[in-house]
Amino acid sequence: IMTMLQPRYGKFRSLLEKTNVGQALEKGGIDEPYTIFVPSNEALSNMTAGVLDYLLSPEGSRKLLELVRYHIVAFTQLEVATLVSTLHIRSMANQIITFNISSKGQILANNVAVDETEVAAKNGRIYTLTGVLIPPSILPILPHRCNETKREMKLGTCVRCFMKNWSKCPTNSEPTAIFTNKCFYGSRAWN
């Protein structure tokens, strides 16, 4: 399979190599067939800005492995007839890929068009895709980072509860809704 991917699908091949999944595909023989759904170089280039860079970083390596494994079905060489008649199949990532047919007769894998079908390799079959299959387990792909401001609580001057509405917060601070029920001074409660 790895030989068949070069050079036309070199980007996906490099992802396979980076995750060491490529070694398993090279070693696989007749006893270990694979079906691989390969996104085109163009599909990988068209991913949202920063996504591929993140996946190739040390921080994104786990998600990259999951993405690559989602494109592979182990221990079987799926034929077109099987794809058409099968509603779904479990990938190496242990997640489901669903298949259907468009109104124009195109095979779709998770609503991504299958471009070429049943490219035969020594140890499996290759189906090429016009897009990238994204496993649900890695969404969102990019980590959520926000520009949060630092928040801290500081003890202020204590006022009687009936005066709390007239007390002022220090500059550059905000009032908080905490401690609004009752105030305790000594043994007497004030509402």
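Reply: Let us begin with a loop residue: N20 lies between α2 (10-18) and α3 (21-27); helices (H or I, at least four residues) and strands (E, at least two) are DSSP runs, numbered from the N terminus. This is a predicted model, in which local features need pLDDT of at least 70 and side-chain atom pairs count only at pLDDT 80 or more, while totals for chains, interfaces and linings use all residues. Residues are numbered from 1 along each chain as its sequence is written, and side-chain values use heavy atoms, with hydrogens and water left out.

Me: How is the accessibility of N20 to be classed, and why?

Reply: Buried means under 20% relative accessible area, exposed over 50%, and partly exposed in between (1.4 Å probe, protein chains only). N20 counts as partly exposed because its relative accessibility is 47%. Just after α2, N20 also takes a positive phi of about 70 degrees. The C-alpha atoms of N20 and L65 are 8.8 Å apart in space, although 45 residues separate the two in sequence.

Me: Which residues of α2 are buried, and where do they sit around the axis?

Reply: An α-helix has 3.6 residues a turn, so residues three or four places apart point the same way. In α2 the buried residues are F12, R13, L15 and L16. They lie on the same side of α2, because they cover an arc of only 155 degrees around the axis, taken from the directions from the helix axis to the C-beta atoms.

Me: Which residues have the most contacts inside the largest nonpolar core?

Reply: In soluble globular proteins, nonpolar side chains tend to be buried together. A nonpolar core is a set of buried Ala, Val, Leu, Ile, Met, Phe, Trp, Tyr and Cys residues joined through side-chain atoms within 4.5 Å. The largest has 28 residues, and those with the most contacts inside it are I1, L5, L16, L25, I36, L55 and I72. Of the elements, α5 (51-56) gives the most to this core, with 4 residues. A second, separate core has 16 residues, including L78, L83, V112 and L129.

Me: How many aromatic pairs does the structure hold?

Reply: Rings of Phe, Tyr and Trp (its six-membered ring) pair if their centres lie within 6.5 Å; planes under 30 degrees apart count as stacked, over 60 as edge-to-face and the rest as tilted. A search of the whole structure finds 2 such pairs. The rings of F37 and F99 have centres 5.7 Å apart and planes at 40 degrees, so this pair is tilted. F37 belongs to strand β1 and F99 to strand β4 (residues 96-101), so the pair ties together parts 62 residues apart in sequence. For F37 and Y127 the centres are 5.4 Å apart and the planes at 25 degrees, so that pair is stacked. Y127 lies in strand β7 (residues 124-129), so its pairing with F37 of β1 ties together parts 90 residues apart in sequence.
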